[in-house]
Amino acid sequence: MLQLNGKVAVVTGAARGIGRSISLALSTAGADMALIDLTADSLQGVLEEVTANGSQASVHGCDITDTDAVAATFKEILEQHDAVHILVNNAGITRDNLLMRLSPEDWEAPIRTNLTGAFNCTKAAVRPMMRQRSGRIINIASVVGLIGNAGQANYAASKAGLIGLTKSTAKEFGSRGITVNAIAPGFITTDMTADLPETVTQKLTENIPLGRMGKPEDVASAVAFLASEEAGYITGQTLLVDGGMVM
Ligand SMILES: NC(=O)c1ccc[n+]([C@@H]2O[C@H](COP(=O)([O-])OP(=O)(O)OC[C@H]3O[C@@H](n4cnc5c(N)ncnc54)[C@H](O)[C@@H]3O)[C@@H](O)[C@H]2O)c1
């Protein structure tokens, strides 16, 4: 059983889906939680769940694309929790369309949230981690960032960028005892994938050796491992949680 007692974990996009599941897994392992999403109201349900797990927890309404709001939120988190040991950059969006139909706004939106948002939070979290000379940063990428996907050039570019950010920051922060890793989920059942037509999910599942879509918990348990002491010699890696879809 992984132990995260005494650790403070920040999770972005914690209100639902994979972020909610990550928050439950880290709090079950004993971490105190700072939960971030666009509005504090949307986090009330998860707050109740992590508190029931015994965590000291706080909620923070913050748009991670807003640099000043992120800086103010991390100041608030440090005032309330005194430390940040674990950062999970999970918040993400899609704006799918074929490239020829992609507007400049829709090209930029996933890059701003998925990549610049992670940059903003990493920059804010790494200061206290450097002082502590330890920390864990886990970026939620996607297999699409490795293999591409028609209709998702913007999203794939943002996730490939996140993998580049992961490797570069792993090199920059390694000497301070901070590890940085990415997780690349395959197809996971959440609101993000809820709109896919039945025929598409059936076809996708046929190409997954484990024969099913992933669950948010499948991603969350990999995050809990990478956040633990036991993963202390792993950095700069991208761990695929995809049922064997990409290999
Ligand atoms: N579901 C999948 O199949 C899948 C596959 C690979 C990767 N991922 C990645 O996993 C992560 C979570 O995905 P999910 O399926 O749980 O998505 P989701 O849409 O269910 O949840 C995303 C959460 O992020 C929040 N969010 C969005 N923009 C934000 C912003 N600017 N500031 C703060 N919060 C913001 C949303 O409000 C929402 O609560 C994303 O990064 C996604 O790209 C998902």
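A cavity is a set of points, on a 1 Å grid over the protein atoms alone, where a 1.4 Å probe fits but cannot get out; a volume is the space filled by probe spheres set on the points, which are joined across faces, edges and corners. The count comes to 1 cavity of 30 Å³ or more.

The lining, made of residues with an atom within 4 Å of a point, consists of Thr12, Ile64, Asn89, Asn90, Ala91, Thr113, Asn114, Gly117, Ala118, Ile140, Lys159 and Leu162. H4 and H6 are the elements that give two or more residues to this lining, and H4 provides the largest share, 4 residues. Helices (H or I, at least four residues) and strands (E, at least two) are DSSP runs numbered from the N terminus. By class, the cavity lining divides into 5 nonpolar, 6 polar and 1 charged, where Ala, Val, Leu, Ile, Met, Phe, Trp, Tyr, Cys and Pro count as nonpolar, Asp, Glu, Lys and Arg as charged, and the others, Gly among them, as polar.

## The largest pocket

The largest pocket has a volume of about 1000 Å³; a pocket is an open set with protein on both sides within 12 Å along at least five of seven lines. Its lining comprises 41 residues, of which Gly92, Ile93, Thr94, Tyr155 and Met192 lie nearest the centre. These lining residues divide into 20 nonpolar, 14 polar and 7 charged.

H1, strand E2 (32-37), H6 and helix H7 (198-206) each supply at least two residues of this lining. H1 gives the most, with 3 residues.

## The ligand and its shell

The ligand sits in the largest pocket, in the sense that more than half of its atoms lie within 2 Å of the pocket's grid points. Of the 28 residues around the ligand, Arg16, Asp37, Asn90, Tyr155 and Thr190 come nearest; a residue is near a molecule if one of its heavy atoms lies within 4 Å of it. The shell divides into 14 nonpolar, 9 polar and 5 charged residues. Helix H1 (17-28) and helix H6 (153-173) each supply at least two residues of the shell.

A polar side-chain atom of Asp37 lies 2.6 Å from an oxygen atom of the ligand. An N or O atom in the side chain of Asp63 is 2.9 Å from a nitrogen atom of the ligand, and a backbone N or O atom of Ile64 is 3.1 Å from a nitrogen atom of the ligand. The protein covers 94% of the 830 Å² of accessible area that the ligand has on its own, as computed by the Shrake-Rupley method with a 1.4 Å probe.

## The second largest pocket

The second largest pocket holds about 210 Å³ of space. Its lining is formed by Thr67, Val70, Ala71, Phe74, Lys75, Leu78, Phe119, Asn120, Lys123, Ala124, Arg127 and Pro128.

## Basis of the values

Residues are numbered from 1 along each chain as its sequence is written, and side-chain values use heavy atoms, with hydrogens and water left out. In this predicted model, local features need pLDDT of at least 70 and side-chain atom pairs count only at pLDDT 80 or more, while totals for chains, interfaces and linings use all residues.

Definitions and conventions:
Polar contact = N/O pair within 3.5 Å; in protein donor to acceptor, adjacent residues only side chain to side chain.
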